[in-house]
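Open the model in your viewer and keep the selection tool ready.

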Amino acid sequence: MRADIALLPGDGIGPEVTAAAVEVLRAVGARHGHDFRFDSFDIGGIAIDRHGEPLPQATLDGCKAADAVLLGAVGGPKWSDPNARVRPEQGLLAIRRALGLYANLRPVRPHAATIGASPIKPHLLAGVDLLVVRELTGGIYFGDKTRDAEGASDRCYYSVAEVERVMRRACTLARARRGHVTSVDKANVLETSRLWRDVATRIVRDEFPDITLEHQLVDSMAMHLIARPRAYDVVVTENMFGDILTDEASMLAGSLGLLPSASLGEGTVGLYEPIHGSAPDIAGKGVANPYGTILSAALLLRHSLGMAQEAACIEDAVDAALSDGAFTADLASDGRAMGTAEATLAVLSRID
Ligand code: NAI
Ligand code: MG
């Protein structure tokens, strides 16, 4: 099968980790008889430097024409002036919105070999396998903002349709897993959360009777996520709660550098990126952990190209590399760390 993949390397370590993922995709393509074509476009700081804007039209057009988008990271000290007219992060928000990517999936599955890198007690982490589904294009982040001398406001709004579509996505994903959905809200205080809870209850009752649904308030969920992470399968929540809970959940895995994400809409063009940023402190040194981006490429194969077997092939290769101690500096405790290229080779040599 032929597939066109738009590459948005971005800033900092973005180009280093996306190059690693491309090597792995090429290897898997060769092994399974697929023709993956890659086209690179500018986004973020580099796009501001070259085109004066963080999301040039050519980038957006290239992404829309592709089957899937693989992104590195954007931002860095060079573009961090808070008073600047254009900022790299605007490119990211704009592309998510332009592609209608309302569901952000962040799987968290601590690997036995890296559990020691987490600040959480190992016995709590064994067997953890959860998937956070964060609503990505609604809620308070996208509501009207006001500011005057007396104060400021951010409006939080959710339509029924926005909650329905992300709930259906979460339930569909849960069906292919353990069939359990935890919906997180603040229904004791917020009207948008009462709507969220009503819609969640109705969608599961009418359309997914095989799914078990549990409601959690976001504050107690923050506690349970650390105290009993094994109890969760799919966790679905609104934009801001999801932003906060997914950063917390990333600590279960041990390193930011390990975690992939997928952002999906109604179409098949999904956007795939590691959850970490551009890591300017280590950019250009060849030491960045490429696994989060390589695992994002696996999600790309599964969710945008329907290649479940090829996706599993990448995930198994990363698992095997980690089991054999192929650690980058963020994971290694004994000072014997691999660089990005060596860690990528460790994965490539385990693609069967
Ligand atoms: P960051 O995720 O870039 O880095 C946090 C820490 O984790 C740093 O010490 C970094 O060296 C380390 N780290 C991150 N990824 C790593 C990897 N793959 N391997 C090894 N170590 C890794 O977050 P930070 O420092 O808050 O932000 C840096 C820049 O990235 C900022 O401009 C920020 O706005 C941007 N950013 C972009 C994101 C994106 O493009 N999706 C997400 C988060 C931040
Ligand atoms: Mg965040």
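Select residues 4–347 first. Over this stretch the chain is 42% helix and 18% strand. Its end C-alpha atoms lie 23 Å apart. An unreviewed UniProt entry annotates residues 4–347 as "domain: Isopropylmalate dehydrogenase-like".

This is a predicted model. Colour the protein chain by pLDDT: the mean is 95, and 100% of its residues reach 70 or more. The model scores are ipTM 0.98 and pTM 0.94.

Now show the strands. In what order do the 10 strands of the open sheet run? Follow them as β2-β1-β3-β12-β11-β4-β5-β10-β8-β9. The pairing is mixed. Stop at the edges, β2 (35–40) and β9 (212–217). Each has a single partner strand, so one side of each has no neighbour in the sheet. From one strand to the next, the twist averages 25°.

Next, select residues 68–73 and 270–274. These are β3 and β12, which pair in the parallel sense over three bridges. Pick V69: its bridge partner in β12 is L271.

Move on to the helices. Select residues 191–207, helix α7, which lies across β8 (180–185) and β9. Helix α7 runs at about 165° to β8. Then take helix α8, residues 218–227. Helix α8 packs on the sheet and touches β8 and β9. Its direction makes about 105° with that of β9.

Finish at ligand 1. Which of the 23 residues around ligand 1 come nearest? They are G75, G257, H276, G277 and N289. Colour the shell by class: 10 residues are nonpolar, nine polar and four charged.

How values were computed. Residues are numbered from 1 along each chain as its sequence is written. Chains are lettered from A and ligands numbered from 1 in the order in which they are written. This is a predicted model: local features need pLDDT of at least 70, side-chain atom pairs count only at pLDDT 80 or more; totals for chains, interfaces and linings use all residues. pLDDT is the predictor's confidence in each residue, from 0 to 100. UniProt positions are given in the numbering used here, feature names are shortened, and annotations may be inferred rather than shown by experiment. Helices (H or I, at least four residues) and strands (E, at least two) are DSSP runs, numbered from the N terminus. A residue is near a molecule or strand if its C-beta atom, placed from the backbone, lies within 6 Å of it. Ala, Val, Leu, Ile, Met, Phe, Trp, Tyr, Cys and Pro count as nonpolar, Asp, Glu, Lys and Arg as charged, and the others, Gly among them, as polar. Two strands pair if DSSP finds at least two bridges between them. Axes are lines fitted to C-alpha atoms, for helices over the stretch in contact, and angles run from 0 to 180 degrees between N-to-C directions. Two residues are in contact if their C-beta atoms, placed from the backbone, lie within 7 Å.
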